Amino acid sequence: MKLTDFMDMSTLQNIQDAFSDATGLAAIAVDNDGNYITKGSNFTDFCMKLTRGCPEGAKRCQKCDATGHGTYECHAGLMDFSIDIILNGEKLGAVIGGQVLPNTPDEDKFTAIAEELHIDPKAYLHAVKKVPVRPEKSIRAAAALLEDVVNRVVLQEYMNATEYKKILVWEKEIASATETVAAIKKSTRELESIASKQTIMALNASIETARVGAAGAGFGIIAKQMGDFSKQSAEIYKQITEDANKISESMVKMNNA
């Protein structure tokens with residue numbers, strides 16, 4: 001199952017954007033194959049243009065993306081997070097981000113990192129000074145809150161989508177049942193007509209029996225039985241019609257509800 005099977009990604013995008021605007025943390029959603037399913041929010045030049053923009057930095061960032069979970073410090077000294085999107089015990093993707101500092105940047109530390117990655121130290125220090133600084137406790141709390149909100153919304157969207165599908169099936173089955181009831185009514189009318197003819201035949205047989213006298217006694221018994229069966233059949237057909245009408249009325253009420 002994929003998020004896109006039942007959820008409009010603009011909903012997730014709006015939550016992500018609001019989260020980044022409120023906290024200053026970067027965020028982006030990915031599926032289980034690592035494909036981005038939202039646009040990045042509040043991504044920094046320090047991470048995207050400089051760190052990930054060089055071969056060694058990109059390699060280290062990819063390793064962090066693959067192995068990092070929860071809230072953690074990335075290889076470049078920033079705080080990042082990775083929260084799973086879970087539905088009914090199945091992981092459908094994740095929201096990753098962070099790109100904030102828990103403390104004022106140590107210039108010597110980031111100069112050393114720049115040299116390891118073969119990045120201009122001055123440009124690297126200039127960029128890192130623009131990275132938001134948030135207390136580690138706040139970063140962890142923000143990531144936990146985002147995880148809770150995203151998973152609640154995903155569950156609600158899934159329930160909305162599945163309930164909608166159930167309603168469509170419900171309406172289809174109601175229509176099918178209504179057609180079946182109509183067919184039963186038609187067949188019942190035909191059977192009633194046959195029963196009526198049986199009654200007339202039984203009556204005619206009784207008349208003929210009376211005319212031939214004792215010689216037709218046996219036939220008279222059969223004629224009487226035909227009359228009894230016809231009467232019983234008529235009662236049964238009447239009951240079927242009443243039951244079919246009740247089913248039809250129930251279907252109408254269910255459909256209107």
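Guide: A cavity is a set of points, on a 1 Å grid over the protein atoms alone, where a 1.4 Å probe fits but cannot get out. Lining residues have an atom within 4 Å of a point. This is a predicted model: local features need pLDDT of at least 70, side-chain atom pairs count only at pLDDT 80 or more, and totals for chains, interfaces and linings use all residues. Residues are numbered from 1 along each chain as its sequence is written, and side-chain values use heavy atoms, without hydrogens and water.

Visitor: What lies around the largest cavity?

Guide: There are 19 lining residues, with R52, D65, D80, G97 and Q99 nearest the centre. α2, α3, β3 and β4 each supply at least two. Helices (H or I, at least four residues) and strands (E, at least two) are DSSP runs, numbered from the N terminus.

Visitor: What makes up the lining of the largest cavity by class?

Guide: 12 nonpolar, four polar and three charged residues. Ala, Val, Leu, Ile, Met, Phe, Trp, Tyr, Cys and Pro count as nonpolar; Asp, Glu, Lys and Arg as charged; the others, Gly among them, as polar.

Visitor: Which residues line the second largest cavity?

Guide: L12, I15, Q16, V95, L146 and V150. α1 (9-23) gives the most, with three residues. By class, five are nonpolar, one is polar and none is charged.

Visitor: Why is Q99 called buried?

Guide: Buried means under 20% relative accessible area, exposed over 50%, partly exposed in between (1.4 Å probe, protein chains only). Q99 has 5% relative accessibility, so Q99 counts as buried. Q99 lies in strand β4 (residues 90-100).

Visitor: Why is N42 called partly exposed?

Guide: N42 has a relative accessible area of 38%, so N42 is partly exposed. N42 sits in the loop between β1 (26-31) and α2 (45-51).

Visitor: What makes phi of N42 worth a look?

Guide: Most residues other than glycine have a negative phi. Phi of N42 is near 60 degrees, a positive value. Phi of Q99 is near 55 degrees, positive too.

Visitor: What makes a pocket, and what is the volume of the largest pocket?

Guide: A pocket is an open set of points with protein on both sides within 12 Å along at least five of seven lines. The largest has about 270 Å³.

Visitor: Which residues lie nearest the centre of the largest pocket?

Guide: V30, D65, A66, K91 and A94, out of 16 lining residues. β4 gives the most to this lining, with four residues. By class, the pocket lining has five nonpolar, six polar and five charged residues.

Visitor: How many helices and strands are in the protein chain?

Guide: Seven helices and four strands. Along the sequence, the pattern is α-β-α-α-β-β-β-α-α-α-α. Buried residues make up 35% of the 257 residues.

Visitor: What share of contacts join residues at least 24 apart?

Guide: Contact means heavy atoms within 4.5 Å. Among contacts between residues at least 6 apart in sequence, the share is 61%.

Methods
Grid points are joined across faces, edges and corners, and a volume is the space filled by probe spheres set on the points.
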